[in-house]
Amino acid sequence: MTPEVALETRNQMLRDGYCIVDDILTAEFLQELRDETERLIAEHEEPKEMVYQGQHVNVHGAHNPHIQKLLEWKPSRDALEQLGFGDFAASGGIIILTKEAGGPPLYWHQDWMRWNDPLSCSPWPQTIFLNYYLSDTTRENGCLKVIPGTHLKRIDLHNQLVPAHEQGARFLPEDDPIMFSDHPDQVDIFAKAGSLVIADARLLHAAHNNTTDKRRTLILAWHSRPNTVPDYWDDEIPEPIANRDENGNYPGSRIPGDFLKA
Ligand SMILES: O=C(O)CCC(=O)C(=O)O
Ligand SMILES: [Fe+2]
């Protein structure tokens with residue numbers, strides 16, 4: 001990545017809440033990950049309530065050398081470094097998520113779990129997901145869709161959502177008119193196999209249904225950075241963050257409160 005492209009990509013990440021870095025995995029490593037995820041999925045029984053996220057296999061790098069290799073993959077680390085995101089550390093594990101052949105869409109949600117913490121209004125990302133799609137994604141096989149800018153700005157949809165995952169959305173009927181809706185501002189993310197899709201945990205995202213007869217597999221790796229102002233940030237620091245008490249008690253919450261402004 002040239003410094004110009006890196007800056008542009010970081011600016012997109014800050015403004016829109018997501019970015020794509022192409023050609024991160026080699027063809028050989030991609031195949032290795034396809035083989036390994038297929039093996040792990042075959043051993044796994046998908047719990048019924050996970051149908052919208054597909055197979056939901058948690059794997060620790062410490063227990064799996066292929067996954068550990070991915071978590072330490074140099075081209076990914078270099079890309080993060082170039083973007084100014086070198087202080088993000090992997091959680092140590094990954095989740096294999098799929099859209100099974102003919103599988104349903106994934107509901108609208110965001111994944112930030114610290115909405116009581118003043119860091120919720122940081123103009124820079126604090127927690128991100130690194131998504132490695134193991135096949136090219138299209139509208140037909142259930143690509144990701146996002147609403148740019150919603151990591152920093154409340155929209156109508158925020159006020160209508162059922163909280164994500166275990167907090168409610170897993171138990172939705174498949175025809176929920178809001179959770180599975182199309183939004184006028186949504187952007188489909190067509191990712192090439194071996195590319196890296198990075199997104200802010202606060203971003204509203206969902207995925208289309210898979211109308212093809214092939215599984216669409218994704219390896220998702222959570223990364224977080226320290227509770228500090230990033231080195232690249234030379235703009236204003238929001239007042240709630242400037243006054244934040246590092247030892248404050250901020251109970252976890254998936255539901256955006258006052259820190260997400262309209
Ligand atoms: O399937 C995808 O593309 C996204 C998955 C996701 O965001 C999630 O399961 O939280
Ligand atoms: Fe998500």
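Where does glutamate 166 lie in the chain? Glutamate 166 lies in the loop between strand S7 and strand S8 (187-189). The legends below describe close-up views of a predicted model, in which local features need pLDDT of at least 70, side-chain atom pairs count only at pLDDT 80 or more, and totals for chains, interfaces and linings use all residues. Residues are numbered from 1 along each chain as its sequence is written, chains are lettered from A and ligands numbered from 1 in the order in which they are written, and side-chain values use heavy atoms, with hydrogens and water left out.

**Figure 1. Glutamate 166 belongs to a loop between two strands.** Helices (H or I, at least four residues) and strands (E, at least two) are DSSP runs, numbered from the N terminus. Glutamate 166 is partly exposed, with a relative accessible area of 42%. Here, buried means under 20% relative accessible area, exposed over 50%, and partly exposed in between (1.4 Å probe, protein chains only). Methionine 50 is 116 residues from glutamate 166 along the chain, and their C-alpha atoms are separated by 9.3 Å.

**Figure 2. Ligand 1 sits in the largest pocket.** A pocket is found on a 1 Å grid over the protein atoms alone, as an open set of points where a 1.4 Å probe fits, with protein on both sides within 12 Å along at least five of seven lines. A molecule sits in a pocket if more than half of its atoms lie within 2 Å of its grid points. Strand S5 (106-109) and strand S11 (216-224) are the elements that give two or more residues to the shell around ligand 1. The residues around the ligand include Leu97, Leu106, Asp111, Leu144, His165, His205, Arg216 and Leu218; a residue is counted here if one of its heavy atoms lies within 4 Å of the molecule.

**Figure 3. Polar side-chain atoms of glutamine 53, histidine 109 and tyrosine 133 lie beside oxygen atoms of ligand 1.** The distance to a ligand oxygen is 2.8 Å for glutamine 53, 3.0 Å for histidine 109 and 2.8 Å for tyrosine 133. A polar contact is a pair of N or O atoms within 3.5 Å; within protein, one must be able to donate a hydrogen and the other to accept it, and residues adjacent in sequence count only if both atoms are side-chain atoms. On its own, ligand 1 has 300 Å² of accessible area, and the protein covers 97% of this area. Accessible areas come from the Shrake-Rupley method with a 1.4 Å probe, and for residues only the protein chains shown count as cover.

**Figure 4. The side chain of asparagine 141 reaches two backbone atoms, in aspartate 136 and threonine 138.** Asparagine 141 is found in the loop between strand S6 (127-133) and strand S7 (144-146). This residue is buried, with a relative accessible area of 10%. Its side chain reaches the backbone oxygen of aspartate 136 at 2.9 Å and the backbone nitrogen of threonine 138 at 2.8 Å.

**Figure 5. Arginine 225 makes a polar contact with glutamine 126 through their side chains.** Arginine 225 lies in the loop between S11 and helix H5 (239-242), and it is buried, with a relative accessible area of 6%. The contact with the side chain of glutamine 126 spans 2.6 Å. The side chain of arginine 225 also reaches the backbone oxygen of threonine 228, at 2.6 Å.

Figure 6. Aspartate 23 is exposed, with a relative accessible area of 58%, whereas leucine 25 counts as buried at 9%. Phi of aspartate 23 is near 55 degrees, a positive value in a residue other than glycine.

**Figure 7. Cysteine 143 is buried and the structure holds zero disulfides.** A disulfide is a pair of cysteine sulfur atoms within 2.5 Å. The closest cysteine sulfur to that of cysteine 143 belongs to cysteine 19, and at 17 Å it is too far for a bond. The relative accessible area of cysteine 143 is 0%.

Notes. 1 Å grid on protein atoms, 1.4 Å probe; cavity = no way out; pocket = protein on both sides within 12 Å on 5 of 7 lines; lining within 4 Å.
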